[in-house]
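Got your viewer open and ready? Here's a walk through the model, stop by stop, with what to select each time.

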Amino acid sequence: MTSSSALRRVPPPSEWPVWVVPAVLLAVQIAGSFGAQHPDGRWSGHEDRLPPAMQLDALGVALLAAGPLALLLRRRAPVAVLAATGAVTAFYLLRAYTYGPVILSPLVAMVAAVTAGRRLVAWTGTAATITGYLVLTTLIGVPGAERGRTGAFFPVDRPGLDGVAGSLGWALVALVTGELLRATSLRAAAAARTRAEEDRRRASEERLRMARELHDVLAHNISMINVRAGVALHLLDENPDEARSALAAIKEASKEALTEMRSVIGALRAEGERAPRSPTAGLAQLDDLVDRARAAGLDVLLTVTGDRRSLPAGADLAAFRIVQESLTNITRHAGPPPVTADITLAYTPDTLTLTITNTSAPSRAPVQPGTDPPRSTTSGVHGGAASGGEGDAESGVAAGSGLRGMRERVTALNGTFTAGPEPGGGFTVHAEIPC
């Protein structure tokens with residue numbers, strides 16, 4: 001594992017257990033303060049190297065521990081923790097204990113308050129605390145050489161320019177750091193929301209696509225079943241062999257419908273599952289589709305020109321569904337036998353051209369109120385179906401399917417689609433799909 005990948009796996013401080021930072025600060029503040037008081041592990045002989053200070057006692061140790069302990073509540077009550085650490089630190093310095101890492105606790109509290117969104121309180125509170133401390137020490141302070149040696153309860157020295165600059169500098173560093181962390185956190189949260197919205201949008205689109213696939217599968221197979229059931233009932237007494245063949249076709253169509261329905265519904269129920277549970281529909285299954293249509297009584301002629309080859313998944317699925325929906329509409333809406341369907345697939349290096357023509361006269365050709373004229377590049381009547389492929393009440397096909405669904409598939413692939421009746425009778429669907 002590289003160092004960069006290891007760093008990427010380290011969670012940000014906001015995700016650490018709340019006790020980690022206080023525990024580290026507790027050890028650093030106590031050990032560091034004693035180290036600052038006894039730099040070489042002993043007192044005598046080093047007084048000239050140290051600023052005058054009170055020797056750490058029980059009260060001093062308690063004040064050093066109080067700041068880190070207050071930080072345990074920084075996520076629940078950042079303002080109260082900021083006030084508490086500021087007060088504890090000011091009391092420690094007023095007592096004139098040795099300088100050291102005691103300021104770490106209020107600095108962390110400032111960062112916590114800003115990142116929690118309490119920016120105004122953090123900035124104004126910090127400024128007020130520093131100002132009040134400087135005014136107080138100016139009034140009660142002693143000369144620097146007498147710091148911690150006067151016997152007063154607060155033997156603090158008067159502030160100098162270096163002390164004022166240091167206090168303001170450290171406070172500014174903490175507050176600016178908090179602002180940067182807060183801005184980074186907000187950007188990360190916004191990015192996470194955007195990704196979540198994108199994931200939900202893609203999931204919704206995928207489920208809508210699968211629902212449309214389910215509709216196409218059921219509409220095709222149930223139409224075939226309906227036609228063959230009518231044939232079987234008509235021939236049951238007169239021609240049992242033909243009736244048996246029709247029933248076998250019904251069994252095969254219902255089996256395929258159930259298989260694809262289980263596949264699509266299983267994917268709809270599965271959270272986060274992308275891989276299909278069965279082979280995706282495509283032109284590889286075109287011959288089986290044509291065979292089933294012939295078994296349902298259609299006279300289907302399939303012609304393929306050009307070099308037949310594998311297509312991109314979207315184009316392959318769209319082409320298959322267009323042929324399937326066209327055969328379904330011919331089965332449902334064409335006139336009496338013989339019913340013919342001519343399917344032509346023309347492969348070119350850049351385009352697949354589909355032409356499906358029904359040369360039979362339609363049994364009915366109702367046009368729903370408010371629909372477009374029969375001949376259109378986006379909608380029309382397919383063998384007598386209502387414009388837009390919505391179907392009639394008898395078919396039970398939901399609105400928005402049929403020709404409209406074909407058009408949407410082709411348009412999504414930047415192709416062209418036309419459909420409409422032929423002058424001499426029949427109906428033609430024509431689609432050009434970029435490959």
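**First stop: Leu354**

Select Leu354 and ignore its neighbours within four places in sequence: what's left in contact with Leu354 is Ala319, Ile322, Val323, Thr344, Leu345, Val429, His430, Ala431 and Ile433. Contact here means heavy atoms within 4.5 Å.

Before moving on, know that this is a predicted model, where local features need pLDDT of at least 70 and side-chain atom pairs count only at pLDDT 80 or more, while totals for chains, interfaces and linings use all residues. Residues are numbered from 1 along each chain as its sequence is written, and side-chain values use heavy atoms, with hydrogens and water left out.

Buried means under 20% relative accessible area, exposed means over 50%, and partly exposed is in between (1.4 Å probe, protein chains only).

**Helix pairs around α5**

Next, show helix α5 (residues 104-115) with helix α6 (residues 119-140): they pack at an angle of about 150°, with axes 7 Å apart. α5 and α6 are therefore roughly antiparallel; that word covers angles over 145 degrees, with under 35 counted as roughly parallel, 65 to 115 as roughly perpendicular and the rest as oblique. Axes are lines fitted to C-alpha atoms, for helices over the stretch in contact, and angles run from 0 to 180 degrees between N-to-C directions.

Zoom in on Met110, Ala113 and Val114 in α5, which meet Arg119, Ala122 and Thr126 in α6. These contact residues divide into four nonpolar, one polar and one charged.

Keep α5 and bring in helix α2 (residues 20-37): their axes come within 10 Å and cross at roughly 155°, so α2 is roughly antiparallel to α5. Val21, Leu25, Val28 and Gln29 of α2 make this contact with Leu104, Ser105 and Val108 of α5.

Go to Ala96, in the loop between α4 (78-94) and α5. Is Ala96 buried or exposed? At 0% relative accessibility, Ala96 counts as buried. Ala96 also has a positive phi of about 65°, although it is not a glycine.

Jump to Asn414, in the loop between α11 and β4. Asn414 has a positive phi of about 65° too, and is not a glycine, but Asn414 is exposed, with a relative accessible area of 68%. Most residues other than glycine have a negative phi.

Finally, pick Asn226 in helix α7 (residues 161-235). Asn226 is exposed, with a relative accessible area of 57%.

**Zooming out**

Show everything: there are 11 helices and five strands. Helices (H or I, at least four residues) and strands (E, at least two) are DSSP runs, numbered from the N terminus. Buried residues make up 38% of the 435 residues.

Note on methods. Ala, Val, Leu, Ile, Met, Phe, Trp, Tyr, Cys and Pro count as nonpolar, Asp, Glu, Lys and Arg as charged, and the others, Gly among them, as polar.
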